[in-house]
Amino acid sequence: MDDTRSVKTAKKSSAEDHIIESDDELNYKKIYDEFPDTFEGFGYKFNEFGQLRHITTGEPFEFNVKRDDQAYNQKRYEALGELVNDYVYELLEKEGGLKKLTIPLDANADEPTTFIFHSDDAFTNEKIVILIHGSGVVRAGQWARRLIINDSLNSGTQLPYIKRAKGLGYGVIVLNTNDNRRIVKDGFRRIRGSDTPENHGNYVWKNIIIPKAAAKYIAIVAHSYGGIVTVNMCRSFPESFQKRVFAIAFTDSPHSLVNQGLSQPVIEWFRKFLEESFKLSYTFWQLLFSSEFTVYQIIIL
């Protein structure tokens, strides 16, 4: 049975559908108007080592600029953090050599959309790596915003993984599971097929991986909530998932095969798969990750 039928297709929506009214979130969004819209406006820039440093002093980012106003400091940090999204998107294209693909693929001109990133050969290569970030404020290409701001782009973004995977001859697809809605006049409007991280993952698997990707061998790196997204894709599309996925790296993932509703046969397959694929794909993970990475993390259930 074609498992693309196991998940219902989201209906196209009119401009009035899926409006989320939230004064708190709208007010939260307005705080960014109080701050600059560039890193330079904050007095910072990324140096040649990918570290965010003060333009004048060369010092790392300073959180406590107002010792007696922690609320202001937090808002300032969040406003600067929002700039990270577009900056990393640009890096994915310029340094990662990836292309942006708008979804839903059949979006109307007036409906909100999001996007994923992919390498030139992602749909023709027989082997690909899919990268899935965690929950919260991070977007495509990021592992942790905190690391990007306080440490470096190398530790906080997915760029090292992308470059290494491409160097090993793999195509790359980067999901964007937290980009779920767009602000409109009266609130937020959900993005069809990507209104939740799980739905985003399902949409990509059903509408892009199954019909467009030629890969027979798919490896997945899923961090944090990305593990839940991965298990959900397996639950929704067990046939193609089991046939094509040869390796999964769960890093700090809270997923649960039982609580996420996998059938007993799929649970048994999953556990056996992880045990066997660990031996078969050990060299792959050694090559993809740095030498400090503990490969045994990939078999955490």
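**Figure 1. Overall fold: ten helices and eleven strands in the protein.** Helices (H or I, at least four residues) and strands (E, at least two) are DSSP runs, numbered from the N terminus. This is a predicted model, in which local features need pLDDT of at least 70 and side-chain atom pairs count only at pLDDT 80 or more, while totals for chains, interfaces and linings use all residues. Residues are numbered from 1 along each chain as its sequence is written, and side-chain values use heavy atoms, with hydrogens and water left out. Of the 301 residues, 50% are buried (under 20% relative accessible area; exposed is over 50%, partly exposed in between; 1.4 Å probe, protein chains only). If you take contacts (heavy atoms within 4.5 Å) between residues at least 6 apart in sequence, 72% of them join residues at least 24 apart.

**Figure 2. Helix α7 and its kink.** This helix runs over residues 197–212, 16 residues in total. From first C-alpha to last it reaches 21 Å, close to the 22 Å expected at 1.5 Å a residue (the expected span is 1.5 Å times one less than the number of residues). Look for tryptophan 205, where a kink of about 35° is centred; the bend at a residue is the angle between axes fitted to the seven residues ending there and the seven starting there. Trp205 is one of the buried residues of α7, and others include Pro197, Tyr203 and Ile209.

**Figure 3. Aromatic rings around Trp205 and elsewhere.** Rings of Phe, Tyr and Trp (its six-membered ring) pair if their centres lie within 6.5 Å; planes under 30 degrees apart count as stacked, over 60 as edge-to-face and the rest as tilted. The whole structure has 20 aromatic pairs. One of them joins phenylalanine 35 to phenylalanine 42, a stacked pair at 6.3 Å centre to centre with 15° between the planes. Phenylalanine 35 is buried at 10% relative accessible area, and phenylalanine 42 is buried too, at 11%. As for Trp205, ring pairs link this residue into a cluster with Phe241, Phe250, Trp269, Phe270 and Phe273.

**Figure 4. Glutamine 142 in its loop.** You'll find this residue between β6 (127–132) and α4 (145–150). Glutamine 142 counts as buried because its relative accessibility is 0%. Its side chain makes a polar contact with the side chain of asparagine 85, at 2.8 Å (a pair of N or O atoms within 3.5 Å; within protein, one must be able to donate a hydrogen and the other to accept it, and residues adjacent in sequence count only if both atoms are side-chain atoms). Leaving out residues up to four places away in sequence, glutamine 142 also touches Val84, Val88 and His133, among others.
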